Amino acid sequence: MGYTIGQKIIKEHLVSGNMKTGETVALKIDQTLTQDATGTMAYLEFEAMNIPRVKTELSVAYIDHNTLQTGFENADDHRFIQSVAKKRGVVFSKPGNGICHQVHLERFAIPGKTLIGSDSHTPTAGGMGMLAMGAGGLDVAVAMGGGAYYITMPKFVRITLKNSLSSFVSAKDIILEVLRILTVKGGVGKIIEYAGDGVKSLSVPERATITNMGAELGATTSIFPSDENTRQFLKAQGREEDYMPLSADEDAVYDEEIEIDLSKLEPMAACPHMPDKVKKISELGKLKVDQVLIGSCTNSSLADLLTVSEILKNKTVHSSVSLGISPGSKQVLTMLSETQALKNIIDSGARILECACGPCIGMGQSPSTDAISLRTFNRNFYGRSGTQSAQIYLVSPQTAAASAINGYLTDPRTLGEEVKINLPTQFVINDNLLEQPAPADKADEIEVIYGPNIKPFPDNEPLSDEIQAKVSLKVEDDITTDHIMPAGARVLPYRSNIPKISEFCFENVDPDFSKNCTALGESFVVAGLNYGQGSSREHAALVPKYLGVKAVIAKSFARIHAANLVNAGIIPLTFKNEKDYDKISKGDLLVLTSVFESLKTGDFRLINKTTNEEYELVGKFDKRQQEILRAGDLLKYTGANKDE
């Protein structure tokens, strides 16, 4: 029996474990990336490990999220990350160089290599045949120190793409169709692999759009073959030597197979407030549009913006629409500026935003009250835009540009003649905003600079054999990390200050959550299906732990968040009988008994002292995870097991 693409890479990087679905495997990690919203904490964790230099082939620290500097906090974090990178052997991508995933795809991604990043959209690099996965900052810190990355061996899904896309239908519409089919829960515990003749018609940036937004499926990662298109992209980036062909064996066996005829797709949109609420543009009608934003790590490539430029050429943005465009990297902006493309965009009345995540992470450009905002982004979670009453739709760059001109949601196929662009065979290469680290023999001369907002990593206590506490919160299905730990310009500056950022925890769900947790001391959170979907932000686990949450009891968990809970020392448990969820209320006094023995068996007993009921819970943890939980968190475990 042959191997899938993912199986081939896992086999080459296997440190321990058996490649059997559901079993834990440890992988050697070749590359890591961080960004500044999660990176400060990741480097605080790395510093706490007392490891002199990173041990990966490459680690890169990007500044792309917290670039809005309304106070000293973000600037101090950037200075801290820059000093750690210089001292510890990490490449530092300065503000203005671009969004981590776009820059990494351009300058560093390599077919067949492994990459983990403290950002859930790290699978973007899967568009180049890389096994790229989002992870919590603690996992990334451990990998930088030479430790393995542990995952549950996933199932494999092959999506066969037939034929090619019609005019004005894009890669964004492909991944929206996949989301429509599989939903935001459909990829959990799976690697999505793309195959078929339709793959050959997609450029690397188009493939990256699809793998990027595969994160919204809850998938471990998504991956495309490395083929002639990959080689051409690497050659244009001056990196042809990084190319290697990579594809699944003909007799590879998949757990699930889906077929999509690209020629039958049409422009689509994800409706508020979830990426899988997908409808055809033709079904939605002429919705009046107030704001259009084009960019993010999903749709900010040169190909995307050249297409937008052609649609906007000799046109003017509708008087009722605010159009903002964020190029994905300095390279993209430079190449737009060297042609008529940037002039077309500016002349249309678009606002050029900096090469950063910007409004996708809630960093500015919040829409007006009750506005309809079209965005080429990857997430439209409730409140993520910064305006809770706004209605956010996720669309392709073609749909966004056409709608900006008309002032209402527009099927771009109504524009008429196909827009054609020509991508250069050679990209402009200027890596002057990538700072190389100091040589190892000079590292002792570098001082790590801490600002007053940067607080030490909390010191967590070891696990107790019995936990008695009240339920501080009960939530429904599909609670995202944005619900747990909001993003945006108001909150993100405190990512390096756990005590301060804890004040914002669950504020859009229960404004009194932080105060109630403080009063309770210890507590449980009860949740529905797919708890913790969305971002990889480990603060959604670190902060509840700081507030005394000892366990989260849910119907099911998103992959990264479940791992982050374990790393933070919170026990993620699921109901054996989902109907028991309905029997627990906020304020109930619960007792989790014989915790240490239950960690070994995977069967937990929960007593509800308020209702005098008992529930059976499940928590399957491998030996390492058991020891992490018993130690109090991954940092304490790593300190006691430095040779692992």
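Leaving aside neighbours within four places in sequence, which residues is F513 in contact with? The list runs S472, L473, C505, F506, V525, L547 and V549, where contact means heavy atoms within 4.5 Å. The model behind this is a predicted one, in which local features need pLDDT of at least 70 and side-chain atom pairs count only at pLDDT 80 or more, while totals for chains, interfaces and linings use all residues. Residues are numbered from 1 along each chain as its sequence is written, and side-chain values use heavy atoms, with hydrogens and water left out.

F513 also turns up in the largest nonpolar core, which has 101 residues; F506, F513, Y531, I571 and L592 are the ones that touch the most other members. A nonpolar core here is a set of buried Ala, Val, Leu, Ile, Met, Phe, Trp, Tyr and Cys residues joined through side-chain atoms within 4.5 Å. Buried means under 20% relative accessible area, exposed over 50% and partly exposed in between, with a 1.4 Å probe and protein chains only. Helix 5 (residues 137–144) gives this core its largest share, six residues. Helices (H or I, at least four residues) and strands (E, at least two) are DSSP runs, numbered from the N terminus. Apart from this core lies another, of 55 residues, with V60, L105, I325 and I372 among them.

Back to helix 5: eight of its eight residues are buried, so the helix is largely enclosed by the rest of the structure. The buried set is G137, L138, D139, V140, A141, V142, A143 and M144. Just after the helix, G146 takes a positive phi of about 100 degrees.

Now for the rings. Phe, Tyr and Trp rings (the six-membered one for Trp) pair if their centres lie within 6.5 Å; planes under 30 degrees apart count as stacked, over 60 as edge-to-face and the rest as tilted. The count by this rule is eight aromatic pairs. In one of them, F80 and Y450 have ring centres 5.1 Å apart and planes at 45 degrees, so the pair is tilted. F80 sits in helix 3 (residues 72–88) and Y450 in the loop between strand 20 (434–435) and strand 21 (467–474), so the pair ties together parts that are 370 residues apart in sequence. F80 is buried at a relative accessible area of 0%, whereas Y450 is partly exposed at 43%. The rings of F506 and F513 have their centres 5.0 Å apart and their planes at 70 degrees, so that pair is edge-to-face. F506 is buried, with a relative accessible area of 1%, and F513 counts as buried at 0%.

Then there are the pockets. On a 1 Å grid over the protein atoms alone, a pocket is an open set of points where a 1.4 Å probe fits, with protein on both sides within 12 Å along at least five of seven lines; lining residues have an atom within 4 Å of a point. The largest pocket has a volume of about 1,100 Å³, a volume being the space filled by probe spheres set on the points. Its lining has 36 residues, of which T152, F557, R559, A562 and K620 lie nearest the centre. Helix 18 supplies the largest share of that lining, five residues.

The second largest pocket has a volume of about 580 Å³. It is lined by 27 residues, with V169, E206, T307, Q398 and I421 nearest its centre.
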